[in-house]
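Please consult the sequence and the structure shown here alongside the text.

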Amino acid sequence: MSTNHFPFGQDIAWQPNPDWIAQSNLKEFMDRHRIASYDELLARSVEDISWFWDAVMEDLDIRFAHPYSQIVDLSDGAPFASWCVGGKMNIVHNCLDKYQTTATASQPALIWEGEEGQDATLTYAQLHQEVCRCANALRSLGIGRGDAVGLYMPMIPELAVAFLAVVKLGGIVLPLFSGYGPSAIRNRLSDGGAKAVFSADGFLRRGRTIPMKATLDRALAGVPGVRHVIVCKRLPVSSPDAQIPWHADRDHWWHELVPPQAPEAETSLTGAEDPFMIIYTSGTTGPPKGAVHTHCGFPVKGAQDMRHAMDVKPGDRVYWMTDMGWMMGPWLVLATLLNRATMFFYDGAPDYPSVDRVWELCEKHRITLLGLSPMLVRTLMPHGTGYVTRHDLSRLRAVGATGSPWGPSSWRWIFENVLESRKPIFNYTGGTEISGGILAGSLFKPLKPAAFGGPIPGMDADVVDESGNPVRGEVGDLIVRQPWIGMTRGFWGANDRYLDTYWSRFEGMWVHGDFCAIDEDDMWYILGRSDDTISIAGKRLGPAEVESLVNAHPDVTESAAVAVPHPLKDNDLVVFAVLKSGIDVNEPLRTSLQERITTELGRPLRPKEVRFCAALPKTRNAKVMHRLIRTAYLGEDPGDISALEDPATLKAIQQSA
């Protein structure tokens, strides 16, 4: 592969600040364990995983009612590692209960704002009381340990309360994306064996009301096991969608059921490896996969990432644009609480009623860590920098990013205009089955545009070729060689599928499914999903390599590159581009984009077509769905589209010119 185009050949844009390193959580951790350098820490964290994860437990002050006898047991093999063997604990005790007699109780745990401007704050003490009331309400309905409860709600405070209340009881949370339709909801609730569901009458988006309860009712027609539905009022009373259907023998209003309950409740004592959450991820084929997570797994990994990779400290305020149905929702709740920080929920569109809404929120609520998708950045860039500079973002210490690969231009836009060219971007990649990240930016490592600093401590990551051999300076598969505490404990009822998905390709390696590259300066880059591979006449590349070139054109807002079948070359390249407002489709622009790609990537990778469309199919967290673009272009059955935010975008691909 040529190395004269992205991601290779980039200059270092950010250098570590020695003062920030000296004051960091990770430096304190290293000093405590007499570790002299960051590289020494990375090596020790994977050479002795028992030492490392035991030290993380101590660093996060994870308390056990009955201590574990062994931090990890590998007797059943790496895919089925068992953690905190024999330990008894409930993660809610560590998130809330243990703080109630400390100064943390009076600190804000959750800040919320709605699209219409309403806001609310709950301290650690107030959140604890509301969680207890909700847990008592569930107990009054006969819901308890081991019972699965769905969460189909907008990003409102009651969502965090319900999430923690289910876990406090020893139940199992089934988080659901708030934009799901009946079929997607039905499949997940049925597979997880849900006995109850939390929901809302609806939510607001761009000034419109979006119904939820009516959608849930259609889903529940096929899930007879759900005996109770607890409904929050979210919509204005005047909204027609606020008048919802009601089943008196099953439905309960939150405001009637929860507030009258006692503000104290017992936290069920659970095994450290008892499941507390099944979170579903959509694959390219087959039914959704239910990743199983335990009390000592997902929360600990998420909190360690936030503490060690992103340097979140007590009192920090974290706003990560997400939905509870995506992994970053539970991650935000649990990791902030375990670090004595503050989570920020926003229930609304980040560019409504004005494109500066996200920056307004950061200023108003004194956000210190903002997490967003590079795709959102590409959407905001055409509106200029004035919408950013009019706001005081001085409290923002860093920006985190998940959801889709960066291009150099969008990375620099955030770095220069939001972070003053001196604060870091914590690029972060992993996934639902990881409980957080494999790779991230770091205070300890220089950064290039769109790059990751490398593996997070505790993650034994590498990049390998098609034979499983390590590679540098070319694109390969991202793998992990050893288990980590947040690794999913398998897929709910489908462990053969779990083994086939992650452990079947190379002996003893977790194959994550992302294309990755490491450059000459040990900078790491994610270049798209390997199931989105563009392989033409034996030449492989990730979609992000093409898209970064197209997105750099001044007339283009965003783009997607896919491979389509070709009888001789195996595949051809087709590129879809969304043009900026006011730019008309024209042949010189099409030719210019084709030539740009050909010049930078080589003639064998010249696109078959460059097509212009009104929008790209994306998930709610702004991840472009290349699989659906490919099937729409080819006229094939799209299969599972439950994660798609707007089904009309498939028609935009079909109508592209």
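## Aromatic contacts

A cluster joined by ring pairs comprises Phe80, Trp484, Phe491, Tyr498, Tyr502, Trp503 and Trp510. Rings of Phe, Tyr and Trp (its six-membered ring) are paired if their centres lie within 6.5 Å; planes under 30 degrees apart count as stacked, over 60 as edge-to-face and the rest as tilted. The model is predicted: local features need pLDDT of at least 70 and side-chain atom pairs count only at pLDDT 80 or more, whereas totals for chains, interfaces and linings use all residues. Residues are numbered from 1 along each chain as its sequence is written, and side-chain values use heavy atoms, with hydrogens and water left out.

Across the whole structure, 28 aromatic pairs are found. One of them joins Phe177 and Tyr180, whose ring centres are 5.2 Å apart with planes at 85°, so the pair is edge-to-face. Phe177 is buried at a relative accessible area of 1%, and Tyr180 is buried at 4%. Here, buried means under 20% relative accessible area, exposed over 50%, and partly exposed in between (1.4 Å probe, protein chains only).

## Phe576 and the strand pair

The rings of Phe576 and Tyr633 are also edge-to-face, because their planes stand at 80°, with the centres 5.8 Å apart. This pair links distant parts of the chain, 57 residues apart: Phe576 belongs to strand E28 and Tyr633 to helix H20 (residues 626-634). Helices (H or I, at least four residues) and strands (E, at least two) are DSSP runs numbered from the N terminus. Phe576 is buried, with a relative accessibility of 0%.

Strand E28 (residues 570-579) pairs with E27 in the antiparallel sense over 10 bridges; two strands pair if DSSP finds at least two bridges between them. Strand E27 (residues 556-566) is largely enclosed by the rest of the structure, because nine of its 11 residues are buried.

## Salt bridges

Side chains of opposite charge can pair when their charged atoms come close. The structure holds 40 salt bridges, each defined as a side-chain nitrogen of Lys or Arg within 4 Å of a carboxyl oxygen of Asp or Glu. Asp61 and Arg63 form one of them, at 2.9 Å from N to O. Asp61 is partly exposed, at 33% relative accessible area, as is Arg63, at 41%. A network of salt bridges links Glu28, Arg32, Asp59 and Arg307.

In the salt bridge between Asp97 and Lys168, the closest N and O atoms are 3.5 Å apart. These two residues connect distant parts of the chain, 71 residues apart: Asp97 lies in the loop between helix H5 (91-95) and strand E3 (108-114), and Lys168 in helix H7 (residues 157-168). Asp97 counts as buried at 18% relative accessibility, and Lys168 is buried at 1%. Glu520 and Lys448 likewise meet in a salt bridge (3.5 Å, N to O). Glu520 counts as exposed at 56% relative accessibility, whereas Lys448 is buried, with a relative accessible area of 1%.

## Charges over rings

Two arginine or lysine side chains may be examined next to tryptophan rings. The charged end of Arg44 sits over the ring of Trp51, at 3.8 Å from the ring centre. Lys233 places its charged end over the ring of Trp253, 4.0 Å from the centre. The criterion is that NZ of Lys or CZ of Arg is within 6 Å of the ring centre and within 35 degrees of the ring normal.
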